[in-house]
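Here are a few notes to read beside the structure. Please keep the sequence at hand while going through them.

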Amino acid sequence: MNLEHIQQALQEEGLQGWLFYDFRRSNPIAHRILDLPREQMFTRRWFYWVPAQGKPIALVSAVEPHVLRSLPGEQRIFRSWQELHAQLRDLFQPGWRIAMEYSPHNAIPYLSLVDAGTVELVRSYGVEIVSSADLAQHFVARLTPQQIASHREAGKRLIAAKDQLLEELTSDLRAGRSLDEYNVQQRFLELMRARGLLVEEPPLIAVNSNAGNPHYAPTADHHSPIQRGDLLLIDFWARLPEVEAIYADYTWMAFVGRQDEIPPRQREIFALVCQARDAGLDFVRQRLAAGQLLQAYEVDDVVRAVIARAGYGEAFVHRSGHSITTAEHGEGAHLDNLETHDERRLLPGTCCSLEPGIYLPDFGVRSEINLLIHEREVEVTGVPMQHEIVPLL
C-alpha cells in the first residue's frame, strides 16, 4: 500500500477520504489496493479509513484484531454492532464527500462491491458517497514501465505464434490433411507455450456459424471440421510467466481458400468491423492529442455508431473493449456503453482492447487490437493491424 499516492489522488479529486470496507473478501479491489495477505483469514467486517490528510484509521472486530495490522495508522477495535456504528460515526463530518467501491445505479458492476445496506449506514452520518471507480484505476489498472514492456513482449510472441499457426494450416490444407476446431486450438496452444507464454485458457477457434457466438469454444467432444470455404475466427491471449506481467489479447480472421474465393458479404462485414475499429482508434488519438477528458463509454459510442449506421447494430452484442492488466479482463475502464455505462476515464498508463464484432446466423467477424494509453498518444500493440481476411490457400 502506498499511503502517499492514495492521499495525493484524494486531494486531486477533492475528496475528504476513502473508506474501504470488506466482509469475507467481498471487496477484492480493497484487498489489492491495500496489499492484504492472500493467505490470511477474513471472517468479520472491517473498515479502513484513509483521509486526504492525516493518519488512517482501521476498524476491526475483536475476533480478528490482527487483520489490518500491516497497514499504517491507528487501530480501533469493536465488539458489538453498536460499537461499530459509533466508531464509524466518529470518522466523518456531515457534508464530507468520501469514496467507496460503489457505482450509482450499478452502472459499473465491477465496482459495485459495497452492499446497499453498508452504503445506507455510512450515508446516515451525513456524508456523500461517490464512486471510487477512477480512484481505484490508479492502483489496479495503471501499469509500471516493466509491465508495459511485458505487454509489448507478450504481444510480439503472440503475433509470431499466430503467423506460424497460419503457415502450418496452409501447409496442412495443401497436403490434404483434415483439420477441425479442436485440433487447431490444441496446436495453437502448444505454439504459444513454446514461445514461453503463460496460457491459462485455450484460444477460441470458431468456423462459420460457430463464430457467430462471441464466446464459442471448441472442446474434445464438441467441435466442427475446418474445410475449404470456411471462415475462421481466432481469438488468443496470453502473458509472460512473471507474476506481474500483463496480458496481450488479439482476434484475427482467416478464410480456408484463395483470396478470390472469399464471399463478398464476408469481405463487406469485415471491412465494416475494421472501419468501426479504426474510428474508435482515431477518436482516442484525437482526444489524447488535444489533452481532453476521455471517458471509456465515449469510445464505445463512436465504434458502435459505425456499425449501427450500416444496419448491423443489433448484431454487435458486446462492448467495444475491456481493460487489460495482470488479468485478461482487468479492473480498469472498459470501452462500454452497451452492457454497462462505464464513465471511467482512460488514464495514462493503462491498457485495453478495442474489438468490435458483427455476429450473424451463418458467420461472425471480429477484429481485436490492444491499446496502451499514454499521456498524449495511444500505442497500438498486436501490429500490424489486420485490414483484410487472411486467405489460407
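1. H8 passes H9 in a right-handed crossing. This is a predicted model. Helix H8 covers residues 264–289 and helix H9 covers residues 296–309; their axes come within 8 Å and cross at roughly 150°. Angles over 145 degrees count as roughly antiparallel, and H8 and H9 are therefore roughly antiparallel to each other.

2. Which residues of H8 and H9 meet? On the H8 side they are Leu272, Gln275, Ala276, Ala279, Gly280, Phe283, Val284 and Arg287. Their partners in H9 are Glu298, Val299, Val302, Val303, Val306 and Ile307. By type, this contact of H8 with H9 is made up of 10 nonpolar, two polar and two charged residues.

3. The loop between helix H7 (181–194) and strand E8 (204–207) contains Pro203. Is Pro203 buried or exposed? Its relative accessibility is 1%, so Pro203 counts as buried; the cut-off for buried is under 20%.

4. Pro203 also has contacts beyond its neighbours within four places in sequence: Gln185, Phe188, Leu189, Met192, Asp235, Phe236 and Trp237. Of these, Asp235 is 32 residues from Pro203 in sequence, while their C-alpha atoms are 5.7 Å apart in space.

5. Helix H5 (residues 133–140) is mostly covered, with six of its eight residues buried. The buried ones are Ala133, Asp134, Leu135, Ala136, Gln137 and Val140.

Key
Residues are numbered from 1 along each chain as its sequence is written. This is a predicted model: local features need pLDDT of at least 70, side-chain atom pairs count only at pLDDT 80 or more; totals for chains, interfaces and linings use all residues. Side-chain values use heavy atoms; hydrogens and water are left out. Axes are lines fitted to C-alpha atoms, for helices over the stretch in contact, and angles run from 0 to 180 degrees between N-to-C directions. Helices (H or I, at least four residues) and strands (E, at least two) are DSSP runs, numbered from the N terminus. Angles under 35 degrees count as roughly parallel, over 145 as roughly antiparallel, 65 to 115 as roughly perpendicular and the rest as oblique. A crossing is left-handed if the near helix is turned anticlockwise from the far one by less than a right angle, and right-handed if clockwise. Contact means heavy atoms within 4.5 Å. Ala, Val, Leu, Ile, Met, Phe, Trp, Tyr, Cys and Pro count as nonpolar, Asp, Glu, Lys and Arg as charged, and the others, Gly among them, as polar. Buried means under 20% relative accessible area, exposed over 50%, partly exposed in between (1.4 Å probe, protein chains only).
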